Amino acid sequence: MSWLASYLRSSVGAKHVMAVTGLLMFLFAIVHMVGHLQMFGGPSMYNAYANFLQNLWEVKWPVRAGLLTVLLVHVVV
């Protein structure tokens, strides 16, 4: 067994993985909340934000896949 696998199976390694994945999910939640706070700037500001996100179709699916991976790693560990 490699040193990485044994480290990840240890309690300290598992806690590090949980901390990093939890932090990534927390940062996503903060960014998501800040994006939705655009609605208080009026319909035009919120629509501009929504249009900006829709034009990032090359980024949306990798981010979704990454979030799903982070969630699954967090749950499994």
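Helices here are DSSP runs of H or I with at least four residues, strands are DSSP runs of E with at least two, and both are numbered from the N terminus. With that in hand, the chain has 4 helices and 0 strands, and reading along the sequence gives the pattern α-α-α-α. The radius of gyration of the chain, taken over C-alpha atoms, is 17 Å, well over the 11 Å that the globule rule (2.2 Å times the number of residues to the power 0.38) gives for 77 residues, so the chain is more spread out than a compact globule.

Before I go on, please keep in mind that this is a predicted model, in which local features need pLDDT of at least 70 and side-chain atom pairs count only at pLDDT 80 or more, while totals for chains, interfaces and linings use all residues. Residues are numbered from 1 along each chain as its sequence is written, and side-chain values use heavy atoms, with hydrogens and water left out.

Taken along the principal axes, the C-alpha atoms of the chain fill a box of roughly 55 × 25 × 15 Å. Of the 77 residues, 9% count as buried, where buried means under 20% relative accessible area, exposed means over 50%, and partly exposed lies in between, with a 1.4 Å probe and protein chains only.

Let me turn to helix H2. This helix covers residues 11-36, and at 1.5 Å a residue its 26 residues should span 38 Å, which agrees with the 37 Å between its end C-alpha atoms; the expected span is 1.5 Å times one less than the number of residues. Which residues of H2 are buried? They are Gly 13, Ala 14, Val 17, Thr 21 and Gly 35, and these buried residues pack against helix H1 (3-9), helix H3 (43-54) and helix H4 (57-76), a contact being heavy atoms within 4.5 Å.

Lys 15 is also found in helix H2, but Lys 15 is exposed, with a relative accessible area of 58%. How far apart in space are Lys 15 and His 74? Their C-alpha atoms are 10.0 Å apart, although 59 residues separate them in sequence. Asn 51, by contrast, has its place in helix H3 and is partly exposed, at 45% relative accessible area; Asn 51 and His 74 are 23 residues apart in sequence, and yet 31 Å apart in space, C-alpha to C-alpha.

Finally, a side-chain detail: the charged end of Arg 64 sits over the ring of Trp 61, 4.5 Å from its centre, where the rule asks for NZ of Lys or CZ of Arg within 6 Å of the ring centre and within 35 degrees of the ring normal.
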